[in-house]
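Work through the exercises below with the model open beside you. Try each task before reading its solution.

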Amino acid sequence: MLTITNLQASVEGKEILKGINLTIGKGEIHAIMGPNGSGKSTLASVLAGREDYEITGGSVNFDGHDLLEMSPEERAREGVFLAFQYPVEVPGVSNTNFLKAAVNEVRKHRGLDPMEPKAFLNMMREKMALVEMDQAMVSRSVNEGFSGGEKKRNEIFQMAMLEPKLSILDETDSGLDIDALKIVANGVNKLRSKETSTIVITHYQRLLDYIVPDFVHVLYKGRIVKSGGKELALELEAKGYDWVKELALEEAGV
Amino acid sequence: MQDLQEKLISGFQTVETALNGQAQTPIHVIRKQALKRFAELGFPTIRHEEWKYTNLMSVVKQDYVLGLQTAPNLTKTDIEPFLMPDVEANVLVFVNGTYSADLSTIISDKGVEVMPLSEAFKKKTATVEKHFAQYAAWQNDAMLALNTAFALNGAYIEVAKGAVIEEPFHLLYVNDSRKQSTFAPARNLVIVGANAEATIVESVHTLVSGANVGLTNLVSELVLADNAKLSHYKVQNDVEQSHFVGAIHAHQEATSVLNTVVVTLSGGVVRNNLNAVLAGKAADTHFYGLYLVNGKTLVDNHTLADHAVAHCTSNELYKGIMDDKATGVFNGKIMVRPDAQKTLAYQSNRNILLSPNATVNTKPQLEIFADDVKCSHGCTSGQLDDESLFYLRARGLDKEQARALLLYAFAGEITEKIELEPLRERLESIIAERLHQELL
Ligand SMILES: Nc1ncnc2c1ncn2[C@@H]1O[C@H](COP(=O)(O)OP(=O)(O)O)[C@@H](O)[C@H]1O
Ligand SMILES: [Mg+2]
């Protein structure tokens, strides 16, 4: 599905990703953990195509395509979905109209006709139920005046509507209470399939109790300093991020 | 070629002789004084602080004929495209400044007296004399003096106490410059009685051919009695070869509510003055404006919310989207006079520039002479927000679609203030189409 090879990226001349290697197979869930400022969101943004970052080296192959050559919208249409750490409020643009446009773009790309209004509404209803969103929220402007938790739920709702191949959830758990966390995790689990892959970026282990990863990677200062199975998350929780920092020093051969 | 100022001054004499018995009335005395003042002041130049960014010189140097001296013959078919479809409205049509009974339709018969101003001078003399030129102070404003001098026709609307007039009044001005470039003046007087409600739509449509251009000078005086409510929508979607210099002067008594929306979508040089004097306690005024222009269009909005007494509110939001070499000018003044304690006055002007050659000059002016007031103002100009653009693109919308959606939403914050639904929908669809084409 996704092969990241020696990916390096910088912003305003400052190197942030310093050679990331990561391979994600179909149907797999990978968790990326690491202290604040490690470059987790940068990695997610680079994969989604944000133009603020300069790619200074490496390559990313997504389903046989050179991902870095594609515009953000092409990536989305090919099936890359980023659930933003900080979803943007878009006043004046209704959730429904926005999603209709997005869904139909993705369909067009797949050679499908635009959805019939009725089918679209049915699909909306079904996916709303999945993340327990109500009609009022969906009728409002995109994320406008939403609480932190509502924004995160809306991201997962959009993900459900767009049916991506690769979902990248950037700290979708932050700002969620335990009930909301369960709703979101439940939604993600239901959307899982053998054909889709997920990258779960999180600062805490908590979310991984509900979305159980196949692999866990620790990102620190722009490098993956350790990878392992789901037990690595528990180890991190117990030992704290200082342990990671020591690991990084060891790796640097100090 | 005689210059326009001289031409208008001599045109005045000709028009005056046609007034017959009315040449000695108090109204005509005002016209003569105003003409004299216009002769002294001349057309404003950019040396005038209020005209710093709007150069009228190229506008007034055209060879115009005075509209009142022309007799164009328009048919219902000619004006059909300018009407609001799906709206039961009173339509008053003025061609080159002269009322056309044939093209007009008046359907409201209860609670309102509606007639051309020329008729009101005779039939409603006392009321007209009480209000005419009382709010639009022409003494130091050349363009207003000019309009006052030629205040021979326009709409007169007087809504009776307590009457709620459902049908809007569409005041439609056609400037027929097909034969010759035409200067068309018009003057409206609108009086909304206590507890009464009405809706007015103003639009100007210029017909041109060859190198001709039209210049329209339209002034409305709006009087709102206690607790009256007036919605005033000004729609400017005229041809490039049209120029407009106009003003609205509102006078608001206690607890009256004025809701104005000015939407400018195209034209040549467009200058709108909008002044409201909050003269009665707890009066409330709303100024909304949208200018979405491209080409070489210049849109200049000068507004004044004049808080004369306590407990009044003014709320102003003007938004601009400018492409190509378009120019926007916004000058918003809030005046809070010494007696106007507990004033709430908000003002905001936000602009998006789509091209490096588009410009905007925005200037808030606050003159506050009372201490217990809440005033705020702010202006921004820049490009579309990159974060929002990326967000939409990350969901599969291409760049143009994403931009169109964001711009449409930006404009929507103004169009949503139009309570006359068919008008709002029509403008929104014009805007959607424009944005779609613009961004391809
Ligand atoms: N657009 C940007 N401009 C400047 N610095 C940035 C930008 N984006 C990220 N950074 C910096 O890159 C580093 C990694 O940030 P980020 O990817 O957000 O980390 P994480 O998501 O792991 O907390 C931080 O030091 C951050 O300040
Ligand atoms: Mg982050």
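**Exercise 1. State the confidence of chain B and of the complex.**

Solution. Chain B has an average pLDDT of 96, where pLDDT is the predictor's confidence in each residue, from 0 to 100. In chain B, 99% of the residues score at least 70. For the complex, the predictor gives an ipTM of 0.96 and a pTM of 0.91. This is a predicted model: local features need pLDDT of at least 70, side-chain atom pairs count only at pLDDT 80 or more, and totals for chains, interfaces and linings use all residues. Residues are numbered from 1 along each chain as its sequence is written, chains are lettered from A and ligands numbered from 1 in the order in which they are written, and side-chain values use heavy atoms, with hydrogens and water left out.

**Exercise 2. Describe the shell around ligand 1.**

Solution. Start with the count. The shell holds 13 residues (a heavy atom within 4 Å). The closest are I16(A), G37(A), K40(A), S41(A) and T42(A).

Sort by class. There are 4 nonpolar, 6 polar and 3 charged residues. Here Ala, Val, Leu, Ile, Met, Phe, Trp, Tyr, Cys and Pro count as nonpolar, Asp, Glu, Lys and Arg as charged, and the others, Gly among them, as polar.

Now take the atom pairs. A polar backbone atom of G37(A) is 2.7 Å from an oxygen atom of ligand 1. For K40(A), a backbone N or O atom lies 2.8 Å from an oxygen atom of the ligand. A polar side-chain atom of Y53(A) lies 3.1 Å from a nitrogen atom of ligand 1.

Finish with the elements. Strand 2 (14-24) and helix 1 of chain A each give two or more residues to the shell. Helix 1 gives the most, with 3 residues.

**Exercise 3. Buried or partly exposed: which describes E171(A), and which A282(B)?**

Solution. Take E171(A) first. E171(A) lies in the loop between strand 9 (166-170) and helix 7 (178-191) of chain A. Its phi is positive, about 45°, although E171(A) is not a glycine. E171(A) is buried, at 8% relative accessibility.

Turn to A282(B). A282(B) lies in the loop between strand 13 (269-278) and strand 14 (284-293) of chain B. Phi of A282(B), a residue other than glycine, is positive and near 60°. A282(B) is partly exposed, at 32%.

Technical notes: Polar contact = N/O pair within 3.5 Å; in protein donor to acceptor, adjacent residues only side chain to side chain. Helix = DSSP H or I, 4+ residues; strand = E, 2+ residues; numbered from the N terminus. Buried < 20%, exposed > 50% of the residue type's maximum accessible area, 1.4 Å probe, protein only.
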